[in-house]
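Here is a short briefing for a first look at this structure. Keep the sequence and the model side by side as you read.

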Amino acid sequence: RKYLLMSLSFFIARRYLFSKQSHNAINIISAIAMGGVAVATIAMICVLSVFNGFRDLIATLYTTFDPQLVVVPAKGKVAPADDAALLKIRAQKDVAAASATFEENALILFRGHPLVVKIKGVDDQYARVTDIRSILRTDHQTHPELLLTAAEINYGILGQGLKQQIGTADFGELQICAPRAGERINIANPIESFSVDNLHANGIYFAVDQRKYDDHYILTSLSFATALFEKEGLISRLELKLRPGADVDAVKEELRRMAGTDFKVLDRMEQQADVFNVMQVEKLIAYIFLTFILLIACFNIISSLSMLMLEKRGDVSTLRHLGLSPQRVRSIFLTEGCLFSLFGAVVGIGLGVGLCLLQQHVGLFRMGNGSDFLVRYYPVAVEWGDVALVFATVVGVGFVSVWYPVHAMSRLLG
C-alpha cells in the first residue's frame, strides 16, 4: 500500500510537471526555474573542471623536476647515504632508478651582487629519475646533455629566472658561499665563517616554468654540494623512479613501511603540498559560492510551486475527499520540486560535461590573444567524482529549498 501511494505521488507530480496549466505564466515560470537550475549546474561543472585542468597542468610542469616518489628524513635535513633503510628502498623490486640529492641555501657573488640561491647537488642517476633533459636549454639549442662535472671541473646549471637575473648562462665562474655549520659570523673577517668554492659555466640552463625553481635553483654535482656544505656522506633526499606499470600508491605504502619512522615517503602531490592545497581551497570556495548561486536559482522553483499549489486547490480538495492524508498531498508537491531540480541537474550536467569535452578536444575559449601563456586554451579535466558531487548538491539544495514553502502552503490549503 505504501509503495502504491508513493507511485501515485510520483505519477501526479510528473503529470503536473509536463501538463499545460490553465495559467500560461505557471508554465513560463516553471521553464525559467528549470533553466536557472540547469545554468547553475553547467557553471558548477565547468568551473570545477577548469580547476582540475589547471591542477593537472601545474602537475605536469613539476614532473620534469620532481620525481615520482621522494624519501626525506622525518627529522632534520640530512641522513647518511648508506642508511640501511635507504639501501632497502633502493633495492625494492618496483624501483627502477634512485638518485641521491642534496639541497641547501647558499650565497652567490656575481660582479659584486650577492644573491641567495638553493644549491641542488645530484648524482649521475638524476637524469634517469626525472625528465630534466627535456627542460635543459642553451642559447642555441634545446635538450643538450646534462653536464655537471668533467676533468675535476664542477659546472653549475642555472634556472631560467636566475639566468635572467645574472644576465647570461655563460657566467664564467660563480663564487658560492655556504655558511659553516655551528659557527658564528666573524664580524672582523666574515669570509672565515663561510665555505667558499667556484662553479664554472657550461652555457646550459633549465626552464621548469615555475618561479620556485627557475628563480632560485642551481644544479650541480652531488660531490661538489656535499663538500661545499661539509656534509660528505650525507644526503637530503632520495629521489625514486618506479618501473612502468607500478602502482604508485601501493609502492608508496610499502616504502613507508620499509622506511619506518626515520623517513617520510612523498608522492608528487605531497612534494608540492603548499601549491596543491591552495588550489584545493580555491576550488572549495568556488564550489561554495556556486552553491549559493544555485540556491538563488531555486527560488524560481518556490515561485512555480506556490502558483501551482494555488491553481490545484480543487485537485487537493478532491484528493483529500478520496482519502489521501495531508502528508501524502504534501509529498506530491515535494516530489514536484525534486523533479524540477532533477530535470535541471540532468540537463545541466549533460550540457556542462559536453561543453568541457568540447573545450578539451576542440578548444572553444582561448587564454588571451598573446603567447605569454603556457597553453593556448583554458585547460579542463572532467572528474566523475565532481559530477556526482554536483548532482547530489543540486538535488539536495532543490529539496531543502522547497521543503518549508510546501509545508507552509499545504497548511494554508488545508
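**Surface, cores and salt bridges**

Leu284 counts as partly exposed because its relative accessibility is 47%; buried means under 20% relative accessible area, exposed over 50%, and partly exposed in between, with a 1.4 Å probe and protein chains only. This is a predicted model, where local features need pLDDT of at least 70, side-chain atom pairs count only at pLDDT 80 or more, and totals for chains, interfaces and linings use all residues. Residues are numbered from 1 along each chain as its sequence is written, and side-chain values use heavy atoms, leaving out hydrogens and water.

**The nonpolar surface patch**

- Leu284 sits in helix α10. Helices (H or I, at least four residues) and strands (E, at least two) are DSSP runs, numbered from the N terminus.
- Helix α10 (residues 273–297) supplies the largest share of the patch, five residues.

**Nonpolar cores**

- In soluble globular proteins, nonpolar side chains tend to be buried together.
- The largest nonpolar core here has 38 residues. Such a core is a set of buried Ala, Val, Leu, Ile, Met, Phe, Trp, Tyr and Cys residues joined through side-chain atoms within 4.5 Å.
- Val71, Ile119, Leu174, Ile176, Ile218, Leu238 and Leu240 have the most contacts inside this core.
- Strand β3 (residues 95–110) gives the most to this core, with seven residues.
- Another core, of 26 residues, lies apart from it, and includes Cys46, Cys298, Ile349 and Cys356.
- Beyond its neighbours within four places in sequence, Ile119 is in contact (heavy atoms within 4.5 Å) with residues including Phe102, Ile176, Ile218 and Phe229.

**Lys120, a buried charge**

- Lys120 lies in strand β4 (residues 113–122).
- With 1% relative accessibility, Lys120 counts as buried.
- Lys120 and Leu219 are 99 residues apart in sequence, yet their C-alpha atoms are 5.0 Å apart in space.
- Setting aside residues up to four places away in sequence, Lys120 touches several others, among them Phe65, Tyr126, Tyr217, Arg237 and Glu239.
- The side chains of Lys120 and Glu103 meet in a salt bridge (3.4 Å, N to O). A salt bridge is a side-chain nitrogen of Lys or Arg within 4 Å of a carboxyl oxygen of Asp or Glu.
- Lys120 is in strand β4 and Glu103 in strand β3, so this pair ties together parts 17 residues apart in sequence.
- Glu103 is buried as well, with a relative accessible area of 16%.

- The structure holds 15 salt bridges.
- One of them joins Glu239 and Arg237, with the closest N and O atoms 3.1 Å apart. Glu239 and Arg237 are both buried.
- Another joins Lys252 and Asp267, with the closest N and O atoms 2.9 Å apart.
- That pair links distant parts of the chain: Lys252 is in helix α8 (residues 248–259) and Asp267 in strand β13, 15 residues apart.
- Salt bridges that share partners join Lys252, Glu253, Arg256, Asp267 and Glu270 into one network.
- Asp267 counts as buried because its relative accessibility is 13%. Strand β13 spans residues 263–267.
- A polar atom of the Asp267 side chain lies 2.8 Å from the backbone nitrogen of Glu270.
- Leaving aside neighbours within four places in sequence, Asp267 is in contact with Gln68, Leu69 and Lys252.

**Positive phi values**

- Glu152 has a phi near 60°, a positive value in a residue other than glycine.
- Glu152 is in the loop between β6 (149–150) and β7 (153–159), and counts as exposed at 81% relative accessibility.
- Glu230 has a phi near 55°, again positive in a residue other than glycine.
- Glu230 is in the loop between α7 (222–228) and β11 (234–235), and counts as partly exposed at 40% relative accessibility.

How values were computed: Polar contact = N/O pair within 3.5 Å; in protein donor to acceptor, adjacent residues only side chain to side chain.
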